[in-house]
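Morning, everyone. Please have a look at the model on the screen, and I will walk you through it.

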Amino acid sequence: MDERYPSPQTPLRIGTRGSPLALAQAHETKDRLMKAHGLPENAFHIEPIRTTGDAIQNRSLSEIGGKGLFTREIEESLLGGRIDIAVHSMKDMPVDQPDGLTLGCYLPREDVRDAFVSLKYGSIEDLPEGSVVGTSSMRRRAQLKYRRPDLQVVEFRGNVQTRLRKLADGVASATFLAMAGLNRLAMEDVPYTPIPATSMLPAIAQGAIGIEWRIGDEAIETLLSAIHDPATGLRLAAERTFLRGLDGSCQTPIGGLAELSQGRLHLRGEIIRPDGSEMLTHEITGSETDGAAMGMEAAALLRERAGPGFFSE
Ligand SMILES: NCc1[nH]cc(CCC(=O)O)c1CC(=O)O
């Protein structure tokens, strides 16, 4: 290896999905690494990788099933040595990584909230009775039905531009997008209203970018430690353990958010029946480094209150 790594001769190969949001996240990672280590732009190479999830646009994700639809091919590239790190939306990451890979570097978290997006209405409450809302998220659908059982939900997939076109075409009156995505793509012409996390609990790890690498790759570990945000790591420890304790994936109606305040970690988690008929919430506070234990406890308590079959419609 060169004396200096990475370098223009031996660039750091960054794997990512090819969507505009994923590419923005890979560029943010590259920019932070350049700044932290005083490296030139050409010491990095961004490698877009097409995943199964990207390839399947016309079927619903829950129909296809399986974990890691948006990550499998990227992780195979990492294991095969074709890329050196992978940049992910932590919201889309399964709770366990394949043997040989680890996640341990998180960038400072973006806005965690969901946004209500509509060309005509300003909030969920404003929607006329029986309105159609587009979303492919099980969590958002269940949270919406819980608040407004009269609303109809239709499957909505595709990138931000596709979804906005569907709104303009009248396929639905409103949809939801993560504030993090809107901010990272600087989408100023989107008619959105942020929804407070207290009224619509975000997905586990929403707004967080995580970086994955091969266990034992010490050069990479050292490089990444300079851009790791410890606060995000502590919060995600709580949220992802909560998700693991519920055997949840991104296709289960689960919300959760951990926040740090005055040296304490506060976790709020909720589970919702898919039809929105019931929501169970648990809140727990502990020390900053207690996230994993708190997540596990909150999950166990909610599992017990829910009983079997809570997530089956
Ligand atoms: N499931 C797709 C996905 N994964 C991450 C984000 C947004 C960015 C983030 O939460 O980090 C989105 C889009 C959305 O929910 O609007």
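One caution before we start. This is a predicted model.

Start with the open sheet. It has three strands, in the order S11-S12-S13, and the pairing is antiparallel. Which strands sit at the edges? They are S11 and S13, residues 279-287, and each pairs on one side only. From one strand to the next, the twist averages 10 degrees.

Now zoom in on one pair. S11 and S12 are joined by eight bridges in the antiparallel sense.

Helix H9, residues 230-245, lies across S11 and S12. The angle between H9 and S11 is about 150 degrees. Helix H10, residues 291-306, lies across S11, S12 and S13. H10 runs at about 155 degrees to S13.

Next, the core. In soluble globular proteins, nonpolar side chains tend to be buried together. How many residues does the largest nonpolar core have here? The count is 69. Within this core, Ile85 and Phe242 have the most contacts. H9 gives the largest share, with five residues.

Stay with Phe242 for a moment. What does Phe242 touch, leaving aside residues up to four places away in sequence? The list is Ile204, Gly256, Leu267, Gly269, Gly295, Ala298 and Ala299.

On to strand S10, residues 209-214. Is S10 mostly covered or mostly open? Mostly covered: five of its six residues are buried. S10 has antiparallel bridges to two strands that I want to show you. Strand S3, residues 85-89, is joined to S10 by four bridges. In that pairing, Val87 has Ile211 as its bridge partner. Strand S4, residues 101-106, is joined to S10 by five bridges, also antiparallel. There, Tyr106 stands opposite Gly210.

Last topic: the backbone. Most residues other than glycine have a negative phi, and most peptide bonds are trans. Here are some exceptions.

First, a peptide bond. From Tyr5 to Pro6 the bond is cis, with omega near -5 degrees. Pro6 is in the segment before strand S1, residues 12-16.

Then, phi. Ala186 has a positive value, near 50 degrees, and is not a glycine. Where is Ala186 found? In the loop between helix H7, residues 179-184, and strand S9, residues 192-194. Buried or exposed? Ala186 counts as exposed, because it has 8 C-beta neighbours inside 10 Å, and the cut-off for exposed is 12 or fewer.

Gln262 is another non-glycine residue with a positive phi, about 50 degrees. Gln262 is found in the loop between strand S11, residues 254-261, and strand S12, residues 264-272. Gln262 has 5 C-beta neighbours inside 10 Å, so it counts as exposed.

That is the tour. Questions, please.

Note on methods:
Residues are numbered from 1 along each chain as its sequence is written. This is a predicted model: local features need pLDDT of at least 70, side-chain atom pairs count only at pLDDT 80 or more; totals for chains, interfaces and linings use all residues. A residue is buried if 20 or more other C-beta atoms lie within 10 Å of its own, exposed if 12 or fewer, and partly exposed in between; C-beta atoms are placed from the backbone. Two strands pair if DSSP finds at least two bridges between them. Axes are lines fitted to C-alpha atoms, for helices over the stretch in contact, and angles run from 0 to 180 degrees between N-to-C directions. Two residues are in contact if their C-beta atoms, placed from the backbone, lie within 7 Å. A nonpolar core is a set of buried Ala, Val, Leu, Ile, Met, Phe, Trp, Tyr and Cys residues joined through C-beta atoms within 7 Å.
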